[in-house]
Amino acid sequence: MKMALALPSRFLGAFLCLVVGGVFLYGAFCSSRFATRDVDFVLTRPCMGPWAQSWIWRADAARFKDMAPTRAVEAYWQAIGRNPLLLGGWFAVARLERQMEVNTRTDALHDFLLRQVPPSTPWRWYQFLLAADRKDAVEFAAAFNFVLARLPQHRQEAMEVALGFWDGWLDILAHARPENRWRVLEECMARQDVDACLQLYVRLEGDPEARPEASNQARFIDFLLRNTKWSEAIEVWKRSRLFQGTPVSNGQFEDSNSGAAFDWRQGRVQGVETRHEPRRDVQGGQVMHFYFLGTHNLSFDHFWQYVPVEPGTHQVLRFVWKSERLSTDRGPYLEVRGVGCPLKAQSIELLGTREWSGGEVAFQVPDGCRMARLGVRRGESTKFDCKIAGDLWLDAVELVEKPFRP
């Protein structure tokens, strides 16, 4: 009798195990469709109906692909009904219903989402968009600053929304917290709005809470140089911490080359090594050492800096240099050439071995010329023995204005 009762119980238990296993397999398969981003399967198969996330996908497809906001709202509500914790669905419904002007419940939903949902990183972007839709200036400013500080992937879009919400770049800067004001200028620079950027930078210069540090000053000067705003770049440089009081920056090579603003810029090229090193004589200090390896017929133009010049003036470039066993018929030399203007002057080419000695290059700056390029150059040789080898040391580079004597 006991065996007769036990046998059906075993079959029933086995059947239940099969059913439970089948349910788990079904759940695992459906869940895998999300992991593999099988969009067509999720959107079209009825078996995906119990999953709240599938309704989010369907709502997004209706909203962004099919441009069917009514169907999208219905799908978002389906998702929320299955999982009320899907805050992304709540935010999407709130924005769509306001755009569609469905009914008065939209205001209540906005208030709930703006005031009650914790301002966490995942949802602050949606709260920012809701505040823009609702014209809630206080909440918009708070969310905007959160996005600038914590959500860099949304900064560009947030700035576009802010430009429509507030009255231009200066108004945006006024609503930004001190730690975010430089980011406002960065976004303006990314849009290449040079005149607006200059206005913002002047405001930041006078702001004790957000005055740009030296590295950001250099970045802004580079921005002006890239946009050929020569006069503006010179004025900003002279007001910055980078200005050393002379047209040539770091002419004594006491500091490392930053490669930015008006400092020395150094490119890499095969066949030469460039480095700072101590000057080994009574003068002391640091010098720039160029070591030509003798492996290439170099056309060298990879060590230079911008220097401001005054139109109509007579200038003299002065420097001291030293060489050791510089080969070939073409040696290195110093050159000043105008940027966007007809100015070109150069020193002699240095060859062989020479102890420390001074050099000068005199020139007149043509009218309309505000910027020049000062650098070390070497032209290619046409001789058979053309691969340059040897050493060049450079120090005490300066540019001075010389009184004109007819």
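This dialogue walks through several structural features of the model above.

Colleague: What should I know before reading the model?

Modeller: This is a predicted model, in which local features need pLDDT of at least 70, side-chain atom pairs count only at pLDDT 80 or more, and totals for chains, interfaces and linings use all residues. Residues are numbered from 1 along each chain as its sequence is written, and side-chain values use heavy atoms, with hydrogens and water left out.

Colleague: How many aromatic pairs does the structure hold?

Modeller: First the general idea. A pair of aromatic rings is described by the distance of the centres and the angle of the planes. Rings of Phe, Tyr and Trp (its six-membered ring) pair if their centres lie within 6.5 Å. Planes under 30 degrees apart count as stacked, over 60 as edge-to-face and the rest as tilted. The structure holds 21 aromatic pairs. One of them joins Phe-253 and Phe-303, with 6.3 Å from centre to centre and 40 degrees between the planes, a tilted pair.

Colleague: Which parts does that pair tie together?

Modeller: Phe-253 lies in the loop between helix H14 (230–239) and strand E1 (265–266), and Phe-303 in strand E4 (residues 300–308), so the pair ties together parts that are 50 residues apart in sequence. Helices (H or I, at least four residues) and strands (E, at least two) are DSSP runs, numbered from the N terminus.

Colleague: Is Phe-253 buried or exposed?

Modeller: Buried means under 20% relative accessible area, exposed over 50%, and partly exposed in between (1.4 Å probe, protein chains only). Phe-253 is buried, at 0% relative accessibility. Phe-303 is buried too, at 0%. Now take Phe-290 and Phe-300. Their pair is edge-to-face, at 6.2 Å centre to centre and 80 degrees between the planes. Phe-290 is in strand E3 (residues 286–293) and Phe-300 in strand E4, ten residues apart. Phe-290 is buried at 0% relative accessible area, and Phe-300 is buried at 2%.

Colleague: Which residues form one aromatic cluster?

Modeller: Trp-125, Phe-128, Phe-140, Phe-144, Phe-165 and Trp-166 do.

Colleague: Where does a charge sit over a ring?

Modeller: The test is geometric: NZ of Lys or CZ of Arg is within 6 Å of the ring centre and within 35 degrees of the ring normal. Arg-373 has its charged end over the ring of Trp-304, 3.8 Å from the centre. Lys-322 places its charged end over the ring of Trp-393, 5.0 Å from the centre.

Colleague: What is the order of the strands in the open sheet?

Modeller: Strands of a sheet pair through backbone hydrogen bonds, either parallel or antiparallel. Two strands pair if DSSP finds at least two bridges between them. Here five strands run in the order E2-E3-E10-E5-E8, with antiparallel pairing. Strand E2 (272–278) and strand E8 (352–364) are the edges, each pairing on one side only.

Colleague: How many bridges join E5 to E10?

Modeller: Ten bridges join E5 to strand E10 (residues 389–402), and the two run antiparallel. Gln-315 has Glu-401 as its bridge partner in E10. Strand E5 (residues 314–326) also pairs with E8 over ten bridges, in the antiparallel sense. In E8, Gly-359 is the bridge partner of Phe-319, and Glu-360 that of Arg-318.

Colleague: Which residues are buried in helix H10?

Modeller: In helix H10 (residues 168–175), Trp-169, Ile-172 and Leu-173 are buried. They cover an arc of only 100 degrees around the axis, which puts them on the same side of H10. The arc is that of the directions from the helix axis to the C-beta atoms. Their cover includes helix H8 (137–150), helix H9 (155–165), helix H11 (181–190) and helix H12 (194–205).

Colleague: What is Met-159 in contact with?

Modeller: Contact means heavy atoms within 4.5 Å. Leaving aside neighbours within four places in sequence, Met-159 is in contact with Phe-144, Leu-148, Trp-169, Ile-172, Val-184, Glu-187 and Arg-191. Met-159 is in helix H9 and is buried, at 0% relative accessible area. Met-159 and Phe-144 are 15 residues apart in sequence and 8.5 Å apart in space, C-alpha to C-alpha.

Colleague: Where is Gln-192 found?

Modeller: Gln-192 is in the loop between H11 and H12. Its phi is positive, about 60 degrees, although Gln-192 is not a glycine. Gln-192 is partly exposed, at 43% relative accessibility. Ala-261 also has a positive phi, near 55 degrees. Ala-261 sits in the loop between H14 and E1 and is buried, at 2% relative accessible area.
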